[in-house]
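These are my notebook entries on a structure that I am reading for the first time. I record what I looked up, entry by entry.

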Amino acid sequence: MTEGPSAFTVAVVDDDPSVLRSLEYLLESADYAVRLFSSGKELLDSACVPEIDCLISDVDMPDMDGYELLRVIRAARPELRVILITGYPDTLQGLAGLRDGPRCFTKPFKGAELLAAVSEAVLRLRG
């Protein structure tokens, strides 16, 4: 397996199809393999959880929000790096005290900054 970005798989969870498409294009432009999910449940029901190298999740979703998904993923794969995104920055205030907390971005964010966070996440996982 090569050590370039194409060797890494990023899962994206968001209930907004336009955000999923945008992140898919951004991540694929950096040569990452991308898996898209419209809900946390859809990701958890898939067989790809053990195979992903980084998770990007929206915070504000119906049924299972990004925080609940983070808790479930951390229980199953504590080493997996998670990046949370939200259009509502006030929802991120509760994360400040978390040990080894997720990286957080407020929409709209700069694609280059998100790609840098993904790169750091996958290298830490494989490093």
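**Entry 1: Helix α1 and the sheet**

I began with α1, which lies across β1, β2, β3 and β4 and runs at about 170° to β2. I note at the outset that the model is a predicted one.

I then looked up the sheet itself. It is an open sheet of five strands in the order β2-β1-β3-β4-β5, and the pairing is parallel. Its edge strands are β2 (residues 33–37) and β5 (residues 103–106), each of which pairs on one side only. On average, neighbouring strands of this sheet are turned by 20° against each other, direction ignored.

For one pair I checked the details. β1 and β2 are joined in the parallel sense over five bridges. Within the sheet I also found T9 opposite A33, the latter in β2.

**Entry 2: α1 against α4**

Next I asked how α1 and α4 pack. Their angle is about 65°, and their axes are 11 Å apart. The crossing in which α1 passes α4 is right-handed.

Which residues meet here? From α1 I list L23, L26 and L27; from α4 I list G111, L114, L115 and V118.

Is S29 buried or exposed? Its relative accessibility is 59%, so S29 counts as exposed, the cut-off being over 50%. The side chain of S29 reaches the backbone oxygen of L26 at 2.6 Å.

**Entry 3: The nonpolar cores**

I looked up the largest nonpolar core and found that it has 21 residues. L27, I56 and V118 have the most contacts inside it. The elements that give two or more residues to this core are β1 (9–13), α1, β3 (54–58), β4 and α4 (111–126). Of these, α4 gives the most, with six residues.

I then listed the contacts of I56, leaving aside its neighbours within four places in sequence. I56 is in contact with V10, A11, V12 and V13, with L23 and L27, with I83 and I85, and with L114 and V118.

Apart from this core lies another, of 18 residues, and I noted F37, I52, L80 and V82 among them. In soluble globular proteins, nonpolar side chains tend to be buried together.

**Entry 4: T86 in β4**

I turned to T86, which is found in strand β4 (residues 81–86). Is T86 buried or exposed? T86 has a relative accessible area of 0% and is therefore buried, the cut-off being under 20%. I also recorded a polar contact of 2.5 Å between the side chains of T86 and D60.

**Entry 5: V49 in a loop**

My last entry concerns V49, whose place is in the loop between α2 (40–45) and β3.

Which residues does V49 touch? Not counting residues up to four places away in sequence, I find L43, L44, I73 and R77. I checked V49 and R77 separately: the two are 28 residues apart along the chain, and their C-alpha atoms are separated by 8.6 Å.

Note on methods. Residues are numbered from 1 along each chain as its sequence is written. This is a predicted model: local features need pLDDT of at least 70, side-chain atom pairs count only at pLDDT 80 or more; totals for chains, interfaces and linings use all residues. Side-chain values use heavy atoms; hydrogens and water are left out. Helices (H or I, at least four residues) and strands (E, at least two) are DSSP runs, numbered from the N terminus. Buried means under 20% relative accessible area, exposed over 50%, partly exposed in between (1.4 Å probe, protein chains only). A polar contact is a pair of N or O atoms within 3.5 Å; within protein, one must be able to donate a hydrogen and the other to accept it, and residues adjacent in sequence count only if both atoms are side-chain atoms. A nonpolar core is a set of buried Ala, Val, Leu, Ile, Met, Phe, Trp, Tyr and Cys residues joined through side-chain atoms within 4.5 Å. Contact means heavy atoms within 4.5 Å. Two strands pair if DSSP finds at least two bridges between them. Axes are lines fitted to C-alpha atoms, for helices over the stretch in contact, and angles run from 0 to 180 degrees between N-to-C directions. A crossing is left-handed if the near helix is turned anticlockwise from the far one by less than a right angle, and right-handed if clockwise.
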